[in-house]
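Please examine the sequence and the three-dimensional structure shown here before reading on. The report is written for a reader who is new to protein structure.

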Amino acid sequence: MSAIESVLVENRVFQPPESLVKSARISGMAAYQALCAEAERDFEGFWARLAREHVAWSKPFTRTLDESGAPFYRWFEDGELNASANCLDKHMGTPVENKTAIVFEADDGAVTRVTYKELLARVSQFANALHAQGIRKGDRVIVYMPMSIEGVVAMQACARIGATHSVVFGGFSAKALNERIIDAGAVAVITANYQMRGGKEMALKAIVDESIAIGGCDTLRSVLVYMRTPTPCAMVAGRDKTFTEVLQGQGTECPPEPVGAEHPLFVLYTSGSTGKPKGVQHSTAGYLLWARLTMDWTFDIKPSDVFWCTADIGWVTGHTYVAYGPLAAGATQVVFEGVPVYPNAGRFWDMIQRHKVSVFYTAPTAIRSLIKAAEGDQAIHPARYDLSSLRILGTVGEPINPEAWMWYYKNVGGERCPVVDTWWQTETGGHMITPLPGATPLVPGSCTLPLPGIMAAIVDEGGKDLPNGDGGLLVIKRPWPAMIRTIWGDPERYKANYFPPELGGKLYLAGDAAARSVDRGYFRIGGRVDDVLNVSGHRLGTMEIESALVSKTDLVAEAAVVGRPDDLTGEAICAFVVLKRSRPTGEEAKQIASQLRDWVAKEIGPIAKPKDIRFGDNLPKTRSGKIMRRLLRSIAKGEAISQDTSTLENPAILEQLAEKV
């Protein structure tokens with residue numbers, strides 16, 4: 001039984017609470033089915049209605065969908081709008097303007113609140129500062145910031161003047177940052193001197209300096225530095241300025257720049273199966289519409305809610321469900337800096353209790369780590385906190401295993417809060433397959449059904465639909481407004497990656513294996529079908545980790561990277577390494593493994609460190625020289641080799657690679 005088939009046997013079903021069904025924006029399955037039927041009946045009319053109802057246009061659109069250049073789809077293309085105006089200006093003159101927009105809790109627990117009116121003033125002032133630096137509509141700006149109000153302000157300010165932002169997660173290395181600056185052709189980097197994580201100062205500006213020193217950043221003119229801590233950092237005269245310097249004398253009013261519906265709001269880099277990161281390009285209108293709609297549909301957001309998505313702005317979840325969706329919805333949201341286990345592993349529950357969070361959205365990896373902590377220390381068990389404010393729970397980043405789902409549902413939600421297990425990707429812009437809290441019967445470990453207008457299916461490798469119960473490839477059959485528009489600067493790679501000719505060139509290939517349950521037709525997501533690992537909800541290409549290892553030219557001759565299941569992170573990185581010297585054993589092997597982990601952290605970032613490193617005199621290869629990765633996956637999992645090894649040039653190497661360091 002395959003991994004995707006084995007999880008289909010799940011008989012536990014939990015109905016949405018009656019009280020929530022009565023008040024929900026999508027109330028009951030009949031309401032969900034009616035929206036799906038509307039989309040089936042009049043696909044373009046469905047999306048046009050929603051775009052007119054939920055987006056503020058400075059110039060209304062007259063054309064809904066242009067498929068003439070498929071798979072380069074264009075939505076609402078003759079309309080104009082501004083994303084920042086849709087998140088901030090539209091609330092002015094309403095009761096929302098004096099409502100708290102962000103409750104920011106710093107690493108040390110200090111809390112800052114900002115209203116919508118105050119946030120608009122800060123965004124406008126920073127937008128004026130960007131203009132003063134010569135940044136204009138269409139320019140690309142890198143944001144390399146800690147979780148902070150300032151990070152959200154930077155993104156919104158870019159959107160306000162029509163600059164395209166590209167946020168880089170603060171855990172990425174100088175080399176990874178350098179690649180993104182060059183690929184995007186960025187004119188500026190917005191960063192901080194340090195970020196705080198778990199009580200420790202971690203440099204950001206120094207990494208920016210190191211990144212620029214690598215070379216190739218010819219388009220870069222400005223580095224703007226938020227002084228997060230009092231600790232000074234090196235500043236380059238003429239290029240670097242602090243926020244205090246650039247904001248001085250700038251007014252707090254800045255008219256939002258109208259942009260075309262298809263104007264690139266942001267480029268966000270994600271790992272691919274080759275070594276080169278992919279710049280996922282998102283439009284303004286379609287993306288913003290979906291961010292707004294999914295706040296209503298998936299989270300059933302209400303004016304009284306306190307929403308908390310724990311994701312970093314460096315990932316797409318932090319774009320859609322921190323920087324844009326909650327603000328477009330006029331919600332109060334919590335933004336936090338730090339890690340869930342500092343000052344102790346009760347931090348999440350304590351924050352929910354203090355801030356009266358009602359909608360909580362986090363990753364299965366975080367849940368699994370907190371289960372382990374709570375079982376080891378009853379003082380930080382969620383049962384010790386008042387979590388009665390919660391009404392909806394969510395998970396994001398990877399499939400959640402049924403038992404972690406049950407723990408979350410029982411211990412955090414008190415068996416009264418629906419768990420919306422959301423499947424989506426950087427490329428999709430927002431939720432695609434997810435339960436609706438006031439409509440969908442819940443099955444642990446299943447993301448259930450597609451949202452209205454999302455035509456998801458399971459097909460075989462030729463694009464043929466498969467019956468429920470059969471595992472295959474997850475595809476989307478029709479375009480949707482928030483979809484990726486292209487890979488920045490590489491349209492051919494976009495077509496090959498997402499609309500492969502073997503599937504007819506019209507089906508969006510998600511890259512995930514999946515199946516639908518026989519009884520309900522519910523979707524369950526398996527692993528990646530390409531060479532991309534999902535570690536704690538973060539996508540990492542095996543090729544880029546292999547490239548990092550092999551770039552240690554004084555030591556490594558060859559490397560192969562695979563994933564293996566991990567109870568905490570979902571998937572763990574396992575590297576098989578051939579050195580340019582004899583195979584190390586014992587203490588020496590440990591030392592070299594540690595050295596290589598540190599090297600990968602330097603080249604890519606700490607999230608890419610291999611959990612396991614195995615050394616061999618060679619890698620398992622066919623006589624034609626192809627590495628047998630399926631055998632390495634079995635070794636990484638600790639499985640006995642049952643596959644045919646007759647084509648191997650060196651079968652004896654398998655025993656050697658099975659030895660753990």
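The structure is a predicted model. Residue numbers start from 1 along each chain.

Helix H14 covers residues 364-376 and has 13 residues. From its first C-alpha to its last, H14 reaches 19 Å, which is close to the 18 Å expected at 1.5 Å a residue. The buried residues of H14 are Pro364, Thr365, Ala366, Ile367, Arg368, Leu370, Ile371 and Ala374. Among the elements that cover them are helix H13 (347-355), strand S18 (359-362), strand S19 (392-395), helix H15 (402-412) and strand S29 (570-579).

Helix H15 has buried residues of its own: Ala404, Trp405, Met406, Trp407, Tyr408, Tyr409 and Val412. Their cover includes H13, S18, H14, S19 and strand S20 (419-421). Just after H15, glycine 414 takes a positive phi of about 60°.

Alanine 363 has its place in the loop between S18 and H14. Is alanine 363 buried or exposed? Because its relative accessibility is 19%, and the limit for a buried residue is under 20%, alanine 363 counts as buried. Along the chain, alanine 363 and valine 396 are 33 residues apart, while their C-alpha atoms are separated by 5.0 Å.

## Strands S26 and S27

Strand S26 (residues 532-535) pairs with S27 in the antiparallel sense, over four bridges. In this pairing, histidine 538 of S27 is the bridge partner of valine 535. The hairpin formed by S26 and S27 has two residues between the strands, and serine 536 takes a positive phi near 55° there.

In a regular strand, side chains alternate between the two faces of the sheet. Strand S27 (residues 538-541) is covered on both faces. His538 and Leu540 are buried on one side, and Arg539 and Gly541 are buried on the other.

## Strand S22 and its partners

Strand S22 (residues 472-476) is mostly covered, and five of its five residues are buried. Strand S21 (residues 456-459) pairs with S22 in the antiparallel sense over four bridges. Within this pairing, leucine 474 of S22 is the bridge partner of isoleucine 458.

S22 also pairs with S24, again in the antiparallel sense and over four bridges. Here isoleucine 476 stands opposite tyrosine 508 in S24.

## Cavities

Rolling a probe the size of a water molecule over the atoms shows where empty space is left. How many cavities of 30 Å³ or more does a search of the whole structure find? The search finds two. The largest cavity has a volume of about 40 Å³, and its lining consists of Ala83, Ala159, Gly162, Ala163, Val259, His263, Pro264, Leu265 and Thr284. By class, this lining has six nonpolar residues, three polar residues and no charged residues.

The second largest cavity has a volume of about 30 Å³. Its lining is made up of Tyr73, Ile476, Lys477, Arg478, Pro479, Trp480, Phe499, Lys506 and Tyr508. Six residues of this lining are nonpolar, none is polar and three are charged.

Helix H16 (491-498) and strand S24 (508-516) each supply at least two residues of the lining. The lining divides into eight nonpolar, three polar and six charged residues.

## Two further buried residues

Aspartate 296 is found in helix H11 (residues 285-297). Its relative accessible area is 5%, so aspartate 296 is buried. Apart from neighbours within four places in sequence, aspartate 296 is in contact with Arg25, His54 and Ile301.

Threonine 229 lies in the loop between strand S11 (222-226) and strand S12 (240-242). With 8% relative accessibility, threonine 229 also counts as buried. When neighbours within four places in sequence are left aside, the contacts of threonine 229 are Asn193, Tyr194, Met196 and Glu201. The C-alpha atoms of threonine 229 and glycine 504 are separated by 54 Å, and the two residues are 275 residues apart along the chain.

Conventions. Predicted model: local features only at pLDDT ≥ 70, side-chain atom pairs only at ≥ 80, totals over all residues. Heavy atoms only, no water. 1 Å grid on protein atoms, 1.4 Å probe; cavity = no way out; pocket = protein on both sides within 12 Å on 5 of 7 lines; lining within 4 Å. Points joined across faces, edges and corners; volume = space filled by probe spheres on them. Nonpolar A, V, L, I, M, F, W, Y, C, P; charged D, E, K, R; others polar. Expected span 1.5 Å × (residues − 1). Buried < 20%, exposed > 50% of the residue type's maximum accessible area, 1.4 Å probe, protein only. Contact = heavy atoms within 4.5 Å. Pairing = 2+ DSSP bridges.
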